[in-house]
Amino acid sequence: MQKIVHVENKCIESNINCLRNRLQITNADVIYFELSCWSFLAELDEGQEVNLGNVLDDTIFKIKGENSEDISEGEGELFLGSFDRVCYVDNEQMATIEKPVMRRTGDIVTIKNNKIIYKGRCDDTIKRFGNRVNLLYIENAIQIHAGLKSVCIWLEKKHKLILYVVINETNEEIASKIKDKLRIKILHALPKECMPDCIDLLPSLPLTKNGKVDKGSLASKAETLFLEKKDANRCLVDIFTSLWHNYFGDKCDLMTKTFYELGGTSIMRIQFTEEIKHDLQNRNKRTLMGEDTHTNKMNKFSDKVELDICWVYDLQACVDCTPVVLEKRRLVAVGSFSNIFIIACIDTGQEIVKVVLPNAIESSCLVSPCENYVYIGCFDHNLYCIEVSTGKIMWLYTTGDRIKNTPVFINKDTIIFGSYDKNLHCVDCKTGTKLWKVQVDAPIAADILLIEEYIMVITIKGFCWYLTIFGKVIWQLELKSATLASPTQLENGIIVPDVLGTIHYLSFSGEEVWNFNVGENIYSSILAFKNYLIFGTHNSTIYCFEELANDAMKPLLKHRISVDSATSSTARTLTHNNCIYIVVTCIVGYVYLISADDFSVAARIKLKGCRDNNLICIKIRG
């Protein structure tokens, strides 16, 4: 066989590359059954754009633009017809029908220099945010940039775009991370109007009895994604704010800007109005006017304090690192998986500096003592020195793999950090010049602990390395299990949890003094506060252990409280009105304020989620 005819509206190049050297490949476009014939034929040339080809005998075509006018260049719907080959439909008769008979194909094409390129189906082209969006274009982009099969569904009434991607993943936490990474790829590959409102993963696509993708079934499933649990006790302000943020994002300024100033359209206004009407149905007047105190009870457990959201900044992808405060300047700095690193005013959330790096950011930054510079690691293998006031990159230092841990100063001129290239790197903080490098057994994700003239680092395999600040290895110790936590210094030793729930207490000389297991997975580091060890587990529990005077004895369980979900971030302390509190966050978005005196919950607030892409400032009142 020397030739093959590929019968389809569009010949996908990846399907035929393997045949190019042996076969002459032809792309054929077929007229609908009403015309019952072939219409176009084109021979594929390697490296050239696939087009519909030349019109075959007794075939007529027209391309009509938005206003149904015939066009010779541009984008429009393809119409096909003929004088002679006519299949009559419905009640058409040969004697009365006007020739040539032209039929709509439902295909969107572009024509330029007499070349016709297939773009998609009419029902795959929508208008969104004032722009024409081709759903097939999005699906092809996912195939090109992520190598994944996908289908876009447009819910016209809700004005929502859903992207279904074929990935067989049942673990919710892993699936959430996959969706985050897909969002980032889309964010950098496609215009904003192509960004889906929701991404969902499916093990396979449902098919009709004819073997085509069942978009009706997917549309029904998509409807359920936007069925929020209606809380009958939500007040009018909560309902309005929630919908407003759904339309414009959490960073929108609803206090000083109008609906249209934020980018709203007349269509969006109608949709917004209909949604808020629907959301308010069957709610009594007392609830709508905010007389029900259920919302306040959620945020307030005592008469002393309560938590309120002060401002929100959208970083366009999940934030997996702790924000860092520049206290003298009243600024906060953080990066995200969208490659964006920002420095904002801590009081207002106003963006001061925005730097877009080449890849994702998962580590917190290190701030210079003068607060003129920050040092931040990136997934592009580089450590960056950024000037705070301008966002200018002063220098970069390249490692052999991504950087996920936070650098530390070992003196005023020198910083040290770890990389996934299995090395500790020591560089001059003014020039980025390498001073020394030490190879360890595995990638480094945990933060480095500085102990006077020594440093301790733990690799993801659970190996502990203890070195001098000049890079000389003093001792090593294997924990027998992987760890994602950073080490914590106590008065006479170091404490480290592993992911299987074992707490290890090590002496400064490298001996394991004791260990015990809490029976739950631990992904966070341990907070050492006074003589207490505080940490959260993946089993939705916050533990508080009390250290004993004798270091050789294991600590005693002092408090244990259950929270709404698993925790993976390290607890922090803060002081408010001379009271000390412990701050704990859950992966479903709850933030707890726990009294350090009796370990009771003083306040709690529910955010949209811990991976909702936002930097959120929460104010303590009372």
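Which strand does aspartate 308 lie in? Aspartate 308 sits in strand β14, residues 306–314. Strands (E, at least two residues) and helices (H or I, at least four) are DSSP runs numbered from the N terminus.

A quick word on the model: it is predicted, so to speak of local features takes pLDDT of at least 70, side-chain atom pairs count only at pLDDT 80 or more, and totals for chains, interfaces and linings use all residues. Residues are numbered from 1 along each chain as its sequence is written, and side-chain values use heavy atoms, with hydrogens and water left out.

Back to aspartate 308, which counts as partly exposed because its relative accessibility is 22%. Buried means under 20% relative accessible area, exposed over 50%, and partly exposed in between (1.4 Å probe, protein chains only). Aspartate 308 and arginine 621 are 313 residues apart in sequence, yet their C-alpha atoms are 7.5 Å apart in space.

Now for helix α2, residues 135–146. Its 12 residues should span 16 Å at 1.5 Å a residue, and its end C-alpha atoms are 16 Å apart, which agrees. The expected span is 1.5 Å times one less than the number of residues. Among the buried residues of α2 are Leu135, Ile138 and Ala141.

| Pair | Distance |
|---|---|
| Aspartate 308 side chain, arginine 621 side chain | 2.7 Å |
| Asparagine 134 side-chain oxygen, leucine 136 backbone nitrogen | within 2.8 Å |

Methods:
A polar contact is a pair of N or O atoms within 3.5 Å; within protein, one must be able to donate a hydrogen and the other to accept it, and residues adjacent in sequence count only if both atoms are side-chain atoms.
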